[in-house]
Amino acid sequence: MPFDFSTAPDRTGSDSIKWRRYAGRDVIPMWVADMDFSAPPAVLDALHARIDHGVFGYADPWPSVLEAVVEGIARDHAWRIQPEWLVWLPGVVTGFNVAVRAVGQPGDGVFTATPVYPPFLHAPANFEQRLVTTPLVNSGQRWEWNWPATEAAVADGVRLFMLCNPHNPVGRVFDRDELGRIAALAERHDLVICSDEIHCGLVLDPATPHIPIAALDEQVARRSITLMAPSKTWNIPALYCAFAIIPDPTLRARYKRAMAGIVPHVNVLGLTATEVAYRDCGPWREALIATLRSNAARVVEAINALPGLSTTPVEATYLAWIDCRDWLAAKGIDNAARHFEQAGVGLSDGKDFGLPGFVRLNFGCPAARLEEGLARIRRAVTG
Ligand SMILES: Cc1ncc(COP(=O)(O)O)c(C=O)c1O
């Protein structure tokens, strides 16, 4: 069945956080990480059928949901997980906050590389733990790890290594060599790895397939908490359904103890959508990826043609990470996001990700809307 990503429903005046910020203003919202496209038709059909049932009592994940997730991960990421490794969660942010709580004690260090999705930066303080960071380095073509700095950082009383892969915002899919080095470092320093892989279904470049770090070998699997969800890939984040994959029974029990009494069961509509997304929505995902790949290429081409702006190829996600520092310095402007907003495009401010002078652009929208956003950015920079 052909899927249409050239148009999208009108979200103005809707409940959307992304769109409500600019209600009544001529600003194209390209910030919060959801896409403007409808969810896959098969997901909508399953939700309608579940609603028609009419009863919304407490629910636990049922066998065919487990099977869809287990088989989907085996098919798409070559990782054979066991159903009992799954811990269901209402969200991935909940999932990594629980990991911080489960692994460390007050005063312990939690490592992450910056820039990164802002809730990573706040999670340690939620449990009186210390954020320890090392910057990723832009090689010109892609963002990479600074291994000596990372090794030194984790030696500072760190218990938990928070990995974001594929990475928001730099768009990298870390390769086998990089993941192997992280696994070895975790082994040397006896760290637990919490790997947020929420964007794993959105790899744009077939040359860089997603490898779950826990799939490298049994040794790293034993010290890993992998977080996944259907929410980014199939654009259903407000259905609040995610899961942790924890192969080690002791770590899994510790994790569940940290959830007790605080983390609610998953919403039944989220589970309904999850089953269908993982089982039946591969063709929709492929068609989406073709659209995102073409949007990503447009963003890279248009941004790198502008004086003082630059970006790197997007290996995964629908997010582009744009360096505005040369342009800001040349024009004497201090805040790129504010400047672009005044020009009619709403982008995320890099400062929130730990790197001021950058903005993040969400290109999960029809090509015509993206073109208008890029035209506004061009006018803001060259006008
Ligand atoms: C890396 C990353 N993790 C987690 C989330 C949010 O996850 P959830 O809505 O399931 O809490 C996002 C959303 O942008 C994200 O980019």
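Modeller: A residue counts as buried when its relative accessible area is under 20%, as exposed when that area is over 50%, and as partly exposed in between (1.4 Å probe, protein chains only). This is a predicted model, in which local features need pLDDT of at least 70 and side-chain atom pairs count only at pLDDT 80 or more, while totals for chains, interfaces and linings use all residues. Residues are numbered from 1 along each chain as its sequence is written, and side-chain values use heavy atoms, with hydrogens and water left out.

Colleague: Is T134 buried or exposed?

Modeller: T134 has its place in strand 4 (residues 130-135); helices (H or I, at least four residues) and strands (E, at least two) are DSSP runs numbered from the N terminus. Leaving aside residues up to four places away in sequence, T134 touches F111, T112, A113, T114, N146, A149, T150 and A153, where contact means heavy atoms within 4.5 Å. Because the relative accessible area of T134 is 4%, the residue is buried.

Colleague: Which residue forms an aromatic pair with F5?

Modeller: The structure holds 15 aromatic pairs; rings of Phe, Tyr and Trp (its six-membered ring) pair if their centres lie within 6.5 Å, and planes under 30 degrees apart count as stacked, over 60 as edge-to-face and the rest as tilted. The pair in question is edge-to-face, with 5.3 Å centre to centre and 65° between the planes. It links distant parts of the chain, 279 residues apart: F5 is in the segment before helix 1 (17-20), and its partner is in helix 11 (residues 282-304). F5 is buried at 7% relative accessibility, and the partner of F5 is W284.

Colleague: What is the angle between the planes of W145 and W147?

Modeller: W145 counts as buried because its relative accessibility is 9%, and W147 counts as buried at 16%. The centres of W145 and W147 are 5.6 Å apart, and the pair is stacked, with an angle between the planes of 15°.

Colleague: The charged end of which residue sits over the ring of W31?

Modeller: A charge sits over a ring if NZ of Lys or CZ of Arg is within 6 Å of the ring centre and within 35 degrees of the ring normal. Here the charged end is 3.5 Å from the centre of the ring of W31, and it belongs to R21.

Colleague: How many bridges pair strand 2 with strand 10?

Modeller: In a regular strand the side chains alternate between the two faces of the sheet. In strand 10 (residues 242-245) both faces are covered, with A242 and A244 buried on one side and F243 and I245 on the other. A244 stands opposite V87 and also opposite L227. Two strands pair if DSSP finds at least two bridges between them; strand 9 (residues 224-228) is joined to strand 10 by three antiparallel bridges, and for strand 2 (residues 86-89), also antiparallel, the number is four.

Colleague: Which strands are the edges of the open sheet of four strands?

Modeller: The sheet has the order 11-12-15-14, with antiparallel pairing. Two bridges join strand 14 to strand 15 (residues 358-362), and S348 stands opposite R360 in strand 15. The edge strands, each of which pairs on one side only, are strand 11 (310-311) and strand 14 (348-349).

Colleague: How far apart are the end C-alpha atoms of helix 14?

Modeller: The buried residues of helix 14 (residues 367-382) include L370, L374 and I377, and what covers the buried residues includes helix 11 and strand 15. The expected span is 1.5 Å times one less than the number of residues. With 16 residues the helix should span 22 Å, which agrees with the distance between its end C-alpha atoms, 22 Å.
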